[in-house]
Amino acid sequence: MDKDKELERLVDKMMEEAPLETPSSNFTYVVMQEVTKLQQSMAEYKPVMSMQSILIALGMLGIFGFYLFTTNSATTPAEGQVIQLLSDAKSWFSTKMPQLQISKTFSYMIGAIGIMVCFQAFVLKRYFNKRWA
Amino acid sequence: MKQTKNQPDIAAILNGDTQEFSVLVDQYKDLVFTVAIRTLKNREEAEEVAQDTFIKVFKSLKNFKGDAKLSSWIYRIAYNTCLDRVKKHKKELKNMPIDEVRSEAVMEMGNALDGMVMQERAATIKRCIQQLSPVDAALLTLFYFEEKDLKEMAKALNLSPNTAKVKLFRARNRLGAILKNQLEPETIQSYGQG
């Protein structure tokens, strides 16, 4: 116990006497240059999709949805139409590209990978935010 | 080692005042650089890592919640950046095996250090810290930068206070063993008897 106390005192003395190191004289200048560049790039940031193209895409989706749910709405329910459309798409694939055979396992695998990627992105984002927060 | 200066205005930095950020850099650059050089043992690398640390600080200052001291938060970023660099270059993280230092030997080493002239003493201490593993060096450096506040140091290293205490105890022992190897037997004999 005495030895530990002595050692603590010795290390205290050593660490308190250890001189602080100083970086090169232009250190702050270099950091501030990088910060200025960073600030400019942040100011020049533009989203990948402009608001105009987002609105056009939403409009087209709306028109497509409207078309889908209004045609023959009197004869068949909307849900049935969606299923019909999906099965039509499947037959379209099998007639146009007969060599493209996707097994159920493969489609499940693709789905599982998609979910995992999304989950990992979420976990990593949290990890890095926590690390620097 | 204590640095008592005005705290930089974080709100001003977040509002785009880069001049205020340069105040922060000037205030912490020596401390961050010291952590980096003691961990990485290389001046050029330490300078790069210290610069990276401040860029990361600037980028993530908006995430600083203020529940820890600003200094602890900056040390944490510096420590993580250093460890990333150590891992990137696959540098040795392991500690060297140590022999137990006897109680009398500790006292003799203390007296031997006291007997040295200041420059010689500073050079010996520097050589000893240089021989510590990156993690031990960072741990001891941060403990003394945090004014021996175990909780703040544990926060900076993202450890529980108990783990930090055990690691600190082992690091002290290793530094003691390194000092014993560094000091020539004649030095201990001539100064050590106190």
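This briefing describes the interface, side-chain pairs and confidence of a two-chain model. The model is predicted, with local features requiring pLDDT of at least 70 and side-chain atom pairs pLDDT 80 or more, whereas totals for chains, interfaces and linings use all residues. Residues are numbered from 1 along each chain as its sequence is written, chains are lettered from A and ligands numbered from 1 in the order in which they are written, and side-chain values use heavy atoms, without hydrogens and water.

**Interface of chain B and chain A**

- The contact (heavy atoms within 4.5 Å) involves 58 residues from chain B and 34 residues from chain A.
- About 4,500 Å² is buried between the two chains, 65% of it on carbon and sulfur atoms; buried area is the accessible area (1.4 Å probe) lost on putting two parts together, summed over both.
- The rule finds 10 residue pairs in polar contact across the interface, both residues being at pLDDT 80 or more. A polar contact is a pair of N or O atoms within 3.5 Å; within protein, one must be able to donate a hydrogen and the other to accept it, and residues adjacent in sequence count only if both atoms are side-chain atoms.
- Helix 2 of chain B supplies the largest share of the side of chain B that touches chain A, 12 residues; helices are DSSP runs (H or I, at least four residues), numbered from the N terminus.
- By class, that side of chain B has 26 nonpolar, 14 polar and 18 charged residues.

**Salt bridges**

- Over all chains the count is 15 salt bridges, each a side-chain nitrogen of Lys or Arg within 4 Å of a carboxyl oxygen of Asp or Glu.
- Six salt bridges cross the interface of chain B and chain A.
- A:Glu21 pairs with B:Arg43 in a salt bridge, with the closest N and O atoms 3.9 Å apart.
- A:Lys37 and A:Glu34 form a salt bridge at 3.6 Å, N to O; both lie in helix 2 (residues 27–43) of chain A, three residues apart, about one turn of the helix.

**Aromatic pairs**

- Five aromatic pairs are found over all chains, with ring centres within 6.5 Å and planes under 30 degrees apart counted as stacked, over 60 as edge-to-face and the rest as tilted.
- B:Phe21 and B:Phe58 are edge-to-face because their ring centres are 5.1 Å apart and their planes at 70°.
- B:Phe21 lies in helix 2 of chain B and B:Phe58 in helix 3 of chain B, so the pair ties together parts 37 residues apart in sequence.

**Confidence**

- Chain A averages a pLDDT (the predictor's confidence in each residue, from 0 to 100) of 78.
- Chain B averages 81, and 83% of the residues score at least 70.

Technical notes
Helices (H or I, at least four residues) and strands (E, at least two) are DSSP runs, numbered from the N terminus. Ala, Val, Leu, Ile, Met, Phe, Trp, Tyr, Cys and Pro count as nonpolar, Asp, Glu, Lys and Arg as charged, and the others, Gly among them, as polar. Rings of Phe, Tyr and Trp (its six-membered ring) pair if their centres lie within 6.5 Å; planes under 30 degrees apart count as stacked, over 60 as edge-to-face and the rest as tilted.
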